[in-house]
Amino acid sequence: MKEIFESTLEKLLADQVTLDLVKASEEQGWMEPLWDLLQSSGFSLAAAPEESGGTGLGWEELNGVIELCGRFCLPLPLPESILSNWLLGACGLQGLNCAVSFAAENSLQWDGKLLSGSVRQVPWGRYVDKLVTVVGSESPVVVVLEPNSAASSSLSTNLAGESRDDFIFENYLPIDSSALPSNLDSQVLLKGGAMLRSAQIIGALEELLRVSAEYGNERVQFGKPITKFQVVQHQLAVVAENVAAARVSVQAAFEESGSAFPTLQLMAAKICTSDAASVGASTAHAVHGAIGFTQEYSLHPLTRRLWSWRSEYGSATYWSKLLGKSICEMGSEALWPTITSGDLNV
Amino acid sequence: MGFDAKFSQKLGARGWIGMALPKKYGGSDADAFSRYVVIEELLAAGAPVSAHWFADRQSGPLILRYGTEEQKESYLPAICRGESYFCIGMSEPNSGSDLASIRSNAKKVGDKWVLNGQKVWTTNAHHSHYMIALVRTSESESRHGGMSQFIIDLSLPGVEVRPIKDLTGAEHFNEVFFDNVELPDEALAGSEGQGWHQVTAELAFERSGPERFLSSMALLKVMIDEVGQYPDAYQAKEIGRLTARLLTLRNMSLSVTRQLNAGANPAWSASCVKDFGVGFEQEIPEIAQSILETLPSTQGGNDYSKVLAYLTQQAPSFSLRGGTREILRGIIARGLGLR
Ligand SMILES: Cc1cc2nc3c(=O)[nH]c(=O)nc-3n(C[C@H](O)[C@H](O)[C@H](O)COP(=O)(O)OP(=O)(O)OC[C@H]3O[C@@H](n4cnc5c(N)ncnc54)[C@H](O)[C@@H]3O)c2cc1C
């Protein structure tokens, strides 16, 4: 199943997601035909259980799918829909066969019936039909909202031109709601978002490394390909090491994900991928020279995404501080057992 | 890593040395992962495992893979008992990174080999019974041809071992001279002329193990103790980031072990583990001295200042031993198709 999903998506994205399409999405917005294609192929419901109308794939099986979205710079909320539908399924709700996104951050107040307050940084918020978010921290509840019904909105994009929108709701009756199961906490969408971005970053980084090596082998200066200069080789080797480490961290996070996300592994994944994104983007631009700094050349869709994604759903610093705090609280004797067992409760 | 022969023998008695070797040679027939668990726990606890370290990691597996039946029977059981110690003779005064330029040589005279030359930086040679050395055995057209490996009994006439003090004054590495040392034919390890190939396979073991990221573990632990339960933002960030990388390095190292276990030669991945691991290990003393205002000291002070002093001075060697940073990056670049 995993292989079929991945190869089908890879073929579809390779056919459809051209540099022109990525650029067009920055100017024109929603790529409706492509979204329809993705949705009708069932990708957005992949992680929802069968009884919720999905395919019931586990996170380990979806790792490659999310990476492909990063590698091809897919300018649509497929990762977001997969996570949202997974959460709905986990709460016993039906998956949504439409474009759906989520808000990891909100200031919503809920009186048990009506909602008021804001949701922030919703990926593709202005285009999606529905969004999910979690309200309340004591006994958290998942609610489904329609961005169209917001009282007001504030539209914005990240560095890569991907929409990241805020909405304010006033006395709004959510179209669906359900209590979170006890193994999930109110931070589940922040954690899930960090998982998605980590996998997208690794997909983008592998592509970045590939195009940088390819460009470097072709570009001739001083009578030889620039990759024949040892400094260039070593810079790319450092990127490759960082990517190898980041890849392993993402794999571990997805492998350990089941009905909840593994805190320690997902922190490590977001920390390692965000660090690798910084190293990778900077070196790729150095190797490409001025051509890589142009809008026409296809490097920036990758690097502008890396610069955005490394900060979304917690930067390396955010997760490092949280992790360091709990390691210090537990004391030095707990460090090694924590590493080998992989268990951390924050 | 401390040297303690008694400790090594006790470990051997428990079956914790040469675990992955076959039972008939004194091993436990354990898989690579069981061995991995044992050695990483030993390292994480700071156990004195230096005496048997190279034998367990490199020499035992090498003899098992390339040795004759007689060699296996004569060397492996003593390795497993923690009684027989090995050192690795690769570097020479004029051959460091450029290992293929070695000049020590063995010439076949009758049914013996006569060995001449010099090795240097040989860790533990002064405590070891044997050296597995890479030497030249014939002229060869190819840069990597004409080399072979020998198991050299260091008590033979003509072998001289002289310790070299390192920058802290301690004696860990040595120079070893060979003056017409007569080696029996059985000293040849593996095939004549295949030395280079055998050594590169061996280096994957050397470059990917948990010692590649656990040497500075002791400092990370005292750092957590010293910072205490309420770190400030900077301390929390640095300790968290190191923890994330430690977890990831362990996963990388396990993945290389998986490949080694499956009989592959994961030279590329092993080089990534080593260079990324070295970056991590060299960063720990740097972070440690920036996170708290404690003076490093070798003459007393608390655990923190002692461990900091020790690792600050050891750190430069991390990116030299087992292949320098530049050499590893060259290997990684080759894997990327850049050279
Ligand atoms: C603590 C310690 C223990 C050791 N134990 C052992 C042991 O047990 N057995 C053993 O055989 N050896 C041992 N060594 C030796 C180690 O393998 C060598 O130090 C290492 O291979 C580098 O060789 P070198 O010191 O001669 O440096 P050199 O090769 O002279 O290198 C000096 C500098 O030049 C750079 N350089 C060299 N060639 C290139 C190139 N082509 N491109 C770019 N840069 C280059 C290097 O990266 C380095 O930065 C040990 C070393 C240390 C420090």
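Asn180(B) counts as partly exposed because its relative accessibility is 46%; buried means under 20% relative accessible area, exposed over 50%, and partly exposed in between (1.4 Å probe, protein chains only). This is a predicted model, in which local features need pLDDT of at least 70 and side-chain atom pairs count only at pLDDT 80 or more, while totals for chains, interfaces and linings use all residues. Residues are numbered from 1 along each chain as its sequence is written, chains are lettered from A and ligands numbered from 1 in the order in which they are written, and side-chain values use heavy atoms, with hydrogens and water left out.

Stay with Asn180(B). Asn180(B) sits in strand 7 (residues 171-184) of chain B; helices (H or I, at least four residues) and strands (E, at least two) are DSSP runs, numbered from the N terminus. Its phi is near 50°, positive in a residue other than glycine.

Trp121(B) also has a positive phi in a residue other than glycine, near 65°. Trp121(B) belongs to the loop between strand 3 (112-120) and strand 4 (130-136) of chain B. With 46% relative accessibility, Trp121(B) counts as partly exposed.

A polar backbone atom of Trp121(B) is 2.9 Å from a ligand nitrogen. An N or O atom in the side chain of Thr123(B) is 2.7 Å from a nitrogen atom of the ligand. Chain A takes part too: an N or O atom in the side chain of Gln230(A) lies 2.8 Å from a ligand nitrogen. The site is shared between chains because residues from chains A and B surround the ligand. Of the 14 residues around the ligand (a heavy atom within 4 Å), those that come nearest include Ile88(B), Ser97(B) and Glu326(B).

Now turn to the chain interface. Here 40 residues of chain B contact 40 residues of chain A, with contact meaning heavy atoms within 4.5 Å. The two chains bury about 3,500 Å² between them, 73% of it on carbon and sulfur atoms. Buried area is the accessible area (1.4 Å probe) that two parts lose on being put together, summed over both.

The rule finds 2 salt bridges across this interface; each is a side-chain nitrogen of Lys or Arg within 4 Å of a carboxyl oxygen of Asp or Glu. Glu241(A) and Arg329(B) form a salt bridge through their side chains (4.0 Å, N to O). On chain B, the elements that give two or more residues to the side touching chain A include helix 2 (32-44), helix 8 (233-261) and helix 11 (325-335). Helix 8 of chain B gives the largest share of that side, 14 residues.

How values were computed:
A polar contact is a pair of N or O atoms within 3.5 Å; within protein, one must be able to donate a hydrogen and the other to accept it, and residues adjacent in sequence count only if both atoms are side-chain atoms.
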